[in-house]
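Hi,

Here is the structure I promised to pass on. Have a look at it first, then read my notes below.

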Amino acid sequence: MNTVEPPTIRHRAIVEKAYQAFFSPSQYELKSGDQAILERGTNYRVPFDGGELAVTTWGSAVPTVLLMHGWGGSRAQMTGFVDPLLSAGYRVVAYDQPAHGESDGKMTNLLEIAPTMDIITNKEGNLNAIIAHSFGTLISSYSLVKRNFPHPARLVYFGAFNRLLDTLPRFQAAAGLPDEIVEGFRIMLNENFGEGVLEAIVHEKLALQIEIPVLMFHDTADSVTPVEDSRAIARAWKSAQYVETTGLGHRGALQSKEIHEQLVRFLRD
């Protein structure tokens with residue numbers, strides 16, 4: 001019986017460097033206003049497989065809202081939601097995902113981050129809502145569908161991310177990588193995660209299996225996550241309210257007072 005040899009990786013050292021860079025998030029630049037809000041909360045660290053996660057909570061009331069930042073973000077980036085939620089009677093929890101912010105690690109991926117949501121809820125209790133940004137939306141939906149994460153009553157997504165590996169062509173262009181190196185990169189992905197495992201993670205397919213009402217925002221000028229991503233996800237989602245904004249970019253909506261008000265109304269409905 002003939003066997004097919006798996007493809008080999010040429011220029012493995014270069015591919016390994018590209019692989020490391022791809023899975024190493026940039027660090028969010030902490031602003032003084034972010035720091036002040038973090039200092040008002042209760043800060044602690046909790047163990048996970050790769051070290052410790054940095055967590056902050058605000059308020060003592062229930063229900064509880066979890067804030068999920070995106071790739072290269074941090075819990076500090078989500079602090080604009082804290083005061084509006086506290087004023088509306090919610091308790092707020094935010095944490096830095098592995099290799100982000102003040103949490104431990106240098107490299108990470110969705111399959112490592114998703115289990116940390118369980119760690120947080122085991123510590124803080126069940127959630128009434130999740131507010132997530134960009135890559136954090138895909139992590140949240142993946143956890144709900146694939147990991148049986150306890151379902152909150154509401155979801156609010158900003159700049160939702162659709163296909164997990166859509167960032168690879170952008171990464172290739174930004175790094176100036178030849179096709180041969182990217183081909184080796186894909187072989188390495190299959191070696192480390194399994195054949196086609198990451199390619200199969202598609203948000204619009206996950207959305208078909210989620211019946212939780214979601215309020216989605218995406219800006220037409222978003223230069224990080226294309227607006228078509230949220231459009232595709234919203235079409236697939238049975239209980240989606242979708243709002244397109246103009247001029248806020250990828251992160252501006254996180255600080256918008258008008259959007260905060262819409263969000264609170266949605267959570268209270």
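Below is what I found, starting with the whole chain and ending with a few single residues.

Before anything else: this is a predicted model, where local features need pLDDT of at least 70, side-chain atom pairs count only at pLDDT 80 or more, and totals for chains, interfaces and linings use all residues. Residues are numbered from 1 along each chain as its sequence is written, and side-chain values use heavy atoms, with hydrogens and water left out.

**The whole chain**

The protein chain has 10 helices and 8 strands (DSSP runs numbered from the N terminus: H or I of at least four residues for helices, E of at least two for strands). Its radius of gyration is 19 Å, close to the 18 Å that the globule rule gives for 269 residues, so the chain is as compact as a globular protein of that length. That radius is taken over C-alpha atoms, and the rule is 2.2 Å times the number of residues to the power 0.38. Along the principal axes, the C-alpha atoms fill a box of roughly 65 × 40 × 40 Å.

Of the 269 residues, 53% are buried (buried is under 20% relative accessible area, exposed is over 50%, partly exposed is in between, with a 1.4 Å probe and protein chains only). Among contacts (heavy atoms within 4.5 Å) with a separation of 6 or more, 77% join residues 24 or more positions apart.

**Helix α2**

Now to α2, residues 32-40, where Asp34, Ile37 and Leu38 are buried. Looking down the axis of α2, these buried residues fall within an arc of 100°, so they line one face of the helix (the arc is that of the directions from the helix axis to the C-beta atoms). They pack against β1 (42-48), β2 (51-58) and α3 (82-87). On the face turned away from that buried side, α2 carries the exposed residues Ser32 and Glu39.

Most residues other than glycine have a negative phi.

Cheers
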